[in-house]
Amino acid sequence: MSLRLSTVILPYRRWHEGGRSAWTRAEQLGFHTAYTYDHLSWRTFRDGPWFGAVPTLTAAAGVTDRLRLGTLVTSPNFRHPVTLAKELISLDDISGGRVTLGIGAGGSGFDATALGQEPWTPRERADRFAEFVPLLDRLLSEDAVSYEGDFYSAHEARNIPGCVQRPRLPFAVAATGPRGMRLAARFGQAWVTTGDPKLYENGTPEQSIQAIRGQAERLDDICAEVGRDMTDLDRVLLTGFTPDRVAPLQSLNAFVDFAGRHAELGFTEIVIHWPIPDSPFAADQKVFEQIAMEAPAQLR
């Protein structure tokens, strides 16, 4: 399988002031998927413009035809499975079946307290995620769902006509721990990693490769445990959070080398950030577009 190249477009620009043009250009450049972050606010962008993921993807669906669209990632921090399922079914219909749901357990950032709650512990996030994903799977696959759990409930929730994609739109499950990886193996069409966050500040690219290799091997073991064909699960690397940071976007050759080393670990999709000036995702737009147009052919 050829290595797919995708991008993530942060929702920080007004639609008519550069927002729309990024999504249409992503399709022109041939990206497999264009994702966006699903946060209420995020890191250094908190005090500037930041728009909602689902409305942004809905608008993007209206100005593109072939490009797949997705979140990277949605989390339980401020989402409920019942209302999220309704939005996703609507988005999948509007896009003609081009939506992928990237989903993760969430973190301790601004989203964790935006609704007035205390931040959940890592264990509680994992517990909620373990209930969130199976319930969302049912809501997107069945016409009517009732459920009473420890964290989430659904009472005769109707989701007719369901997703355009059958039996439901695909899940790309972000996980580095064993519980999350089991959810990826059971419910995911893809597994997502950003590498080992402990290496971001002081690690080396070589250490990162070793850490990601270890993650991939653990996923293989878990797939074997649950009876999942590991070759049936796509593997997605969201770049920008390894010690390499934006170095792979410095040149076409640098990116091909970076992507090739991760393809050897079994990755089927590499996601790069759309350049944002004066940010951790700053990169030369011309080089970025050269990578988009020329790298996939070199990575076949």
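Student: Before we look at particular residues, what does exposed mean here, and what does buried mean?
Tutor: A residue is exposed when its relative accessible area is over 50%, and buried when that value is under 20%. Please keep in mind that this is a predicted model.

Student: Then is Asp 150 buried or exposed?
Tutor: Asp 150 has a relative accessible area of 70%, and the cut-off for exposed is over 50%, so Asp 150 is exposed.

Student: Where does Asp 150 lie?
Tutor: Asp 150 lies in a loop, the one between β5 (144–148) and β6 (153–158).

Student: What separates the C-alpha atoms of Asp 150 and Gln 189?
Tutor: A distance of 26 Å separates those C-alpha atoms, and the two residues are 39 residues apart along the chain.

Student: Changing topic to strand β2. Is Thr 33 buried or exposed?
Tutor: Thr 33 is found in strand β2, which covers residues 33–36. Its relative accessible area is 1%, so Thr 33 is buried.

Student: Which residues is Thr 33 in contact with, leaving aside neighbours within four places in sequence?
Tutor: The contacts of Thr 33 are Leu 5, Ser 6, Thr 7, Leu 67, Arg 68, Leu 69, Gly 70 and Glu 269.

Student: And Thr 36, buried or exposed?
Tutor: Thr 36 also lies in strand β2. With 0% relative accessibility, Thr 36 counts as buried.

Student: What does Thr 36 touch, not counting residues up to four places away in sequence?
Tutor: Thr 36 touches Val 8, Ile 9, Leu 10, Pro 11, Trp 23, Ala 53, Leu 57, Gly 70, Thr 71 and Leu 72.

Student: Which residues make the contact?
Tutor: From α1 the contact takes Trp 15, Arg 20, Trp 23 and Thr 24, and from α2 it takes Thr 56, Leu 57, Ala 59, Ala 60 and Val 63. Those residues divide into six nonpolar, two polar and one charged.

Student: At what angle do α2 and α3 pack?
Tutor: The angle between α2 and helix α3 (residues 81–94) is about 15°, and their axes are 9 Å apart. The two helices are therefore roughly parallel to each other, and α2 passes α3 in a left-handed crossing.

Student: Which residues meet there?
Tutor: Val 54, Leu 57, Thr 58 and Ala 61 of α2 meet Glu 87, Leu 91 and Ile 94 of α3. This contact divides into five nonpolar residues, one polar and one charged.

Student: What about α7 and α8?
Tutor: Helix α7 (residues 252–263) packs with helix α8 (residues 285–298) at about 50°, and the axes are 9 Å apart. These helices are therefore oblique to each other, and their crossing is right-handed. In α7, Leu 252, Phe 255 and Val 256 meet Val 287, Gln 290, Ile 291, Glu 294, Ala 295 and Gln 298 in α8.

Student: Let us turn to the largest nonpolar core. Which members touch the most other members?
Tutor: That core has 68 residues, of which Phe 31, Leu 136, Leu 140, Phe 171, Phe 255, Ile 272 and Ile 291 touch the most other members. Helix α4 (residues 122–141) gives the most to this core, with seven residues.

Student: What does Leu 140 touch?
Tutor: Not counting residues up to four places away in sequence, Leu 140 touches Ala 85, Leu 88, Ile 89, Cys 163, Pro 167, Arg 168, Leu 169 and Phe 171. There is also a second, separate core of 18 residues, including Tyr 35, Tyr 37, Ala 172 and Val 236.

Student: Last one: is Leu 183 buried or exposed?
Tutor: Leu 183, in helix α5 (residues 178–187), counts as buried at 6% relative accessibility. Not counting residues up to four places away in sequence, Leu 183 touches Phe 129, Ala 130, Val 133, Pro 134, Val 173 and Gly 188. The C-alpha atoms of Leu 183 and Ala 59 are separated by 30 Å, and these residues are 124 residues apart along the chain.

Conventions. Residues numbered from 1 in each chain as written. Predicted model: local features only at pLDDT ≥ 70, side-chain atom pairs only at ≥ 80, totals over all residues. Heavy atoms only, no water. Contact = heavy atoms within 4.5 Å. Helix = DSSP H or I, 4+ residues; strand = E, 2+ residues; numbered from the N terminus. Nonpolar A, V, L, I, M, F, W, Y, C, P; charged D, E, K, R; others polar. Core = buried A, V, L, I, M, F, W, Y, C linked by side-chain atoms within 4.5 Å. Buried < 20%, exposed > 50% of the residue type's maximum accessible area, 1.4 Å probe, protein only. Axes fitted to C-alpha atoms, helices over the stretch in contact; angles between N-to-C directions. Parallel < 35°, antiparallel > 145°, perpendicular 65-115°, else oblique. Left-handed = near helix turned anticlockwise from the far one by under 90°.
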